[in-house]
Structures are given as structure tokens and as C-alpha cells.
Amino acid sequence: MKINIPKNAFPVLGILIILILMELFAPQPIDWTKSFDQNDKRPFGCFLLNELLQEDLFPDQEFTISNKAIFEYPEPNSTSTKKNYIFVTNNFSPQPWEINIIMNLAKNGNQVFIASSLLGNAFADSLHLHFTNEIQLSEVVVTKEKTQTFENPKLQGKSEFKYPKAFDNSTISQFYKDSVIVLGRDHQKNIQLVKIPHGKGNFYICSQPLAFTNYNVVQNKNANYIAGAFSYLPPMPIVWDTYYKPLRALRSTSPIVFLLSSPPLKLAYYLLLVCLLLVLLFQGKRQQKMIPILKPLPNTSLEFIRTMGRLYYNRKNHKDIALKKIKYLKEFCKSRYHVDLSLDTLTEVSLRSGISLKTLQILFTQIDKISNSQNISQEELEDLHSKVEFIYKSGK
């Protein structure tokens, strides 16, 4: 079927194709989404951090990725294997019923490292500290490069760790001095990294999760800051958390929301919709129209036969029925054996049909008698019928 496309549609289709090609091959803008995912190679993913942990910082330790909430963790006890639990996210807010479990993890000798710019109020109260997320006036007036340092002289080195872009305004502002050990500060002496002993283990709280992302791993040798921060953790198996991430809610609520959150997937999704629209527009014209269902005509042959049978039965014309049977028998012999049934051809019919000559002679004698009679009885008709049926069934 020929499709007639209007001439004024060609410029529109051409522009659409050019726009799609430009979108496909144009340089993609940098995606600054804060995912903190271990497989994310974008600037604020943690792909490089995971490589550092597994290959350089803890090469001989078991590395486990946990996608479970804290309340699904195994019940901690003093005899279980001690581990380092690492949480890197933008907002770490465990539920109230999870706080006791994470507190028991540290109490029983595990190390819990949390890098987050926000802490849930209930969890922050359990640790007796407070986060501040405020932009100070000096930060607006003076465009000074932000830095971080360690309090430990062995980790300070000759230079500070510089962060020209990826740096949060979150700091640790309030805490119990007797229960918290300060490990790191920023360029304004604001506290960024602390250690909180709890039972046999420790909490390590850092207010700069962006310092552990891909962007800062490759900037200004800031990988040394990551190595210094994790140097406080003992050589124990690592448990990397993927549950408390900012994009987990998007992945769990709707696949469409997750597709639209990524520019390449978003483009592919819209391109698929355009292709489906074009298929419906052009392919729909090529389909054959629906063929209406016609009911077949009813078969009235049996009804006609029953009607004719009742007619002959009521008239009691046995000879007429017998003559029709004789006529049909002769037509049968002519079509089957190619011989006209008569007194002179009985021998040939016997040879071709395999029926004995004696049987055919008796039948033909009865046929001759019926043909010369005025009327016949019902018994004679039934006798003729049985002989004719025998010919039909016994013939070759």
C-alpha cells in the first residue's frame, strides 16, 4: 500500500532527525547528581573510593556490599566477627528502631564510619553531637579555596587538602568534649571529622561526604585525605552500605522516575516513544480493515430428507420408493463399475464387484417383478431395501 506523505511534512521530519542526531552526538553536560553509589563513575559517585578500599587500603580484607536496612543486620554479639561498616551519603537518618542496633554494632567491637552532611535528629542525639549547615558571611565575601587538615601530626603532611568546588557547608558544631576525639578540621578550624568511642568499638563521623567521591579522589591528591581518614579503621572486613543512598527512593518507587533521572536513559526513553508514535501513524494505515463475521447458512438437507420421508410414508406409495431405489442402484453400478445394470450385464457386474452371480440374478428377478407390478407391499419394499444395501456394502 502506497503511503502519501504531504510535501510540507518533509521539512518537519528533516528537522526532527537533525535534532535527534544533535542530541545523540552533542557533548553531554556533566551530571553532578549526588548518588554516592559504588558503581557510579559520575563526579559524585563512589566508584574510585571502592577501588581504593578494595585494592589499596584494605586489600586483604573481605569486602561485602549490603543493600539491607540496619534492622535486617544480623544480631551483633561479642563473639561474632568484627567488621568495619562504612556509610557514605548526603543524609544518614536511621529509624528509631534501628538506632539501638547500630549502637550495639559499635558496642560489641565493630567500627562504624559515617560520612554524611546531615544526621537524623534521633541518631545525632544518641551520639550527643549536632551538625550545622550554614553559609558564613566570610565564605561569601572571601572566595578562598577550602581545605581540610588532620589533627594528628603524622597525617598532616606538608600541605593541606584543597577542595575548590565539591565541599559542603556542614560542620560538627556541638558535642560532649569528654566523649569525642577531634580528628580533622577545615580551613576555618571548623570540625569535620571526629571519633566517638562506644563500648568496644568506635563511631567515625565526617561531615564532608563529597570528599570521598570520584571528583575529589582525582583532585589535588585528595586521595591521601581518604587514606588518612580510613587509616583509623583497623584491618577488618569491610561492609559497604548501598541502602542509605539519596537515589534509593527513586529506584524503588518507579522505574520511569529512575529512567528520567539519567540523561542518556531519558533520551532513549523519549526516542522510543517517538518511534512507537511513528509506527502507529504509518503502520496503522497499512493494516487490513476488520472483516465482519458472517454466519454460515444452515444445512437444511437433513430437514428436507425428513420431510420427504414423512410424505412418502403418509402416502404409502411403496412402488414409487422401490423404483427410486432401483434407479439409484443402476446409477451406482454405472458410476462405480462403469456398466449398465441389466440382464445381459449381470456376469460383468459380478466380475467387477466381486458379488456372486446368483445374488445378482435373484436381485434382478425381484427388480423385474416390481417393475411389472401395479403395487407392492411394505414387506416387498423392505426385502428390496435389504438386498440393495447388501450390494452397496459388499461390492468392491
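Select helix α15 (residues 357-371) together with helix α16 (residues 378-394): in this predicted model the two pack at an angle of about 140 degrees, and their axes lie 11 Å apart. Helices (H or I, at least four residues) and strands (E, at least two) are DSSP runs, numbered from the N terminus. Axes are lines fitted to C-alpha atoms, for helices over the stretch in contact, and angles run from 0 to 180 degrees between N-to-C directions. The crossing of α15 and α16 is left-handed, a term for a near helix turned anticlockwise from the far one by less than a right angle.

Next, display the side chains of this contact (heavy atoms within 4.5 Å). From α15, select Thr 359, Leu 360, Ile 362, Leu 363, Gln 366, Ile 367, Lys 369 and Ile 370; they meet Glu 380, Asp 383, Leu 384, Lys 387, Val 388, Phe 390 and Ile 391 in α16. These residues divide into nine nonpolar, two polar and four charged. In this division Ala, Val, Leu, Ile, Met, Phe, Trp, Tyr, Cys and Pro count as nonpolar, Asp, Glu, Lys and Arg as charged, and the others, Gly among them, as polar.

Before the next stop, two notes on the model. Residues are numbered from 1 along each chain as its sequence is written, and side-chain values use heavy atoms, with hydrogens and water left out. Local features need pLDDT of at least 70 and side-chain atom pairs count only at pLDDT 80 or more, whereas totals for chains, interfaces and linings use all residues.

The whole structure holds 23 aromatic pairs. Rings of Phe, Tyr and Trp (its six-membered ring) pair if their centres lie within 6.5 Å; planes under 30 degrees apart count as stacked, over 60 as edge-to-face and the rest as tilted.

Select Phe 113 and Phe 230, a tilted pair with 4.6 Å centre to centre and 35 degrees between the planes. Phe 113 belongs to strand β3 (residues 111-115) and Phe 230 to helix α8 (residues 223-230), so that the pair links distant parts of the chain, 117 residues apart. Both Phe 113 and Phe 230 are buried; buried means under 20% relative accessible area, exposed over 50%, and partly exposed in between (1.4 Å probe, protein chains only).

Then select Phe 150 and Tyr 225, which form a stacked pair, 4.9 Å centre to centre with 20 degrees between the planes. Phe 150 lies in strand β5 (residues 146-150) and Tyr 225 in helix α8, so this pair ties together parts that are 75 residues apart in sequence. Phe 150 and Tyr 225 are likewise buried.

Two loops come next. Select His 128, in the loop between α4 (121-127) and β4 (129-133). The phi of His 128 is near 60 degrees, a positive value in a residue other than glycine, and His 128 is partly exposed at 40% relative accessibility. Lys 189, in the loop between β8 (181-186) and β9 (191-198), has a positive phi of about 65 degrees although it is not a glycine. With 59% relative accessibility, Lys 189 is exposed.

Buried residues make up 36% of the 396 residues.
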